[in-house]
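Subject: Structure for you to look at

Dear colleague,

Here is the structure I said I would pass on. Please open it next to this message; my notes on what was found follow below.

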Amino acid sequence: MMGGQSDSGSSVKFTHPNCLGCLIYPQAKYLAQIIVMGVQVVGRAFARALRQEFAASRAAADARGRAGHRSAAASNLSGLSLQEAQQILNVSKLNPEEVQKVVRAKERLDEELKIQAQEDREKGQKPHT
């Protein structure tokens, strides 16, 4: 306090004169509160997602259990679950007509592969001019 002036007329009140910490502390407090609230929001969202994933996993396990041991054995043998096979082949439900279409399509593709292999062998045997 120079020249007998008091700091009662200043708009900023310090707990300690010339203390920078007294000026920064309120901002740091608000920043810490914002960070804590953000962590809480992210934590709740993560917990909710974890609960949903756990419920979906449980539902899938229950569905596999209902499918029976034969279906599980077939999944292990082929490396695909029934749902994966249906999704790949775009078959919504198991009925003989849809499955037979898939079988015929597979046979047609096998024939085309044989034709291409034969053509490749013939090209390889012809003399180059």
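I start with Glu111, which counts as partly exposed at 40% relative accessibility (buried means under 20% relative accessible area, exposed over 50%, partly exposed in between, with a 1.4 Å probe and protein chains only). Its partner is Lys114: the two form a salt bridge, with the closest N and O atoms 3.8 Å apart. By salt bridge I mean a side-chain nitrogen of Lys or Arg within 4 Å of a carboxyl oxygen of Asp or Glu. Lys114 counts as exposed, at 54% relative accessibility. Because Lys114 and Glu111 are 3 residues apart in helix α4, about one helical turn separates them.

Before the rest, some ground rules. This is a predicted model, in which local features need pLDDT of at least 70 and side-chain atom pairs count only at pLDDT 80 or more, while totals for chains, interfaces and linings use all residues. Residues are numbered from 1 along each chain as its sequence is written, and side-chain values use heavy atoms, with hydrogens and water left out.

Confidence

The protein chain has a mean pLDDT of 76 (the predictor's confidence in each residue, from 0 to 100), and 67% of its residues reach 70 or more. Helix α4 (residues 96-125) has the highest confidence, at 87, and helix α2 (residues 69-78) the lowest, at a mean of 64. Over residues 1-10 the pLDDT is below 50, and beyond near neighbours in sequence this stretch has 4 contacts in the model (contact means heavy atoms within 4.5 Å). Where pLDDT is low, the predicted coordinates should not be read in detail.

Overall make-up

The secondary structure comes to 4 helices and 0 strands. Helices (H or I, at least four residues) and strands (E, at least two) are DSSP runs, numbered from the N terminus. Of the 129 residues in the protein chain, 3% are buried. The chain exposes about 11,900 Å², and carbon and sulfur atoms supply 61% of that; accessible areas come from the Shrake-Rupley method with a 1.4 Å probe, and for residues only the protein chains shown count as cover.

The other salt bridges

A search of the whole structure finds 3 salt bridges. Besides the pair above, Lys106 and Asp110 meet through their side chains at 2.8 Å, N to O. These two are 4 residues apart in helix α4, so about one helical turn lies between them. Lys106 is partly exposed, with a relative accessible area of 48%, and Asp110 is also partly exposed, at 30%. Arg108 and Glu112 form a salt bridge at 3.1 Å, N to O, and they too are 4 residues apart in α4, or about one helical turn. Glu112 is partly exposed, with a relative accessible area of 29%.

Asn95 lies in the loop between α3 (82-89) and α4. Is Asn95 buried or exposed? Asn95 is buried, with a relative accessible area of 19%. A polar atom of its side chain lies 2.8 Å from the backbone nitrogen of Glu98.

Leu82, Leu94, Val99 and Val103 form a nonpolar patch on the surface, with about 310 Å² of accessible area together. Patches are made of residues with over 30% relative accessible area and no salt bridge; like charges are joined within 9 Å, nonpolar side chains (Val, Leu, Ile, Met, Phe, Trp, Tyr) within 5 Å. Val103 sits in helix α4 and is partly exposed, with a relative accessible area of 34%.

Regards

Key. A polar contact is a pair of N or O atoms within 3.5 Å; within protein, one must be able to donate a hydrogen and the other to accept it, and residues adjacent in sequence count only if both atoms are side-chain atoms.
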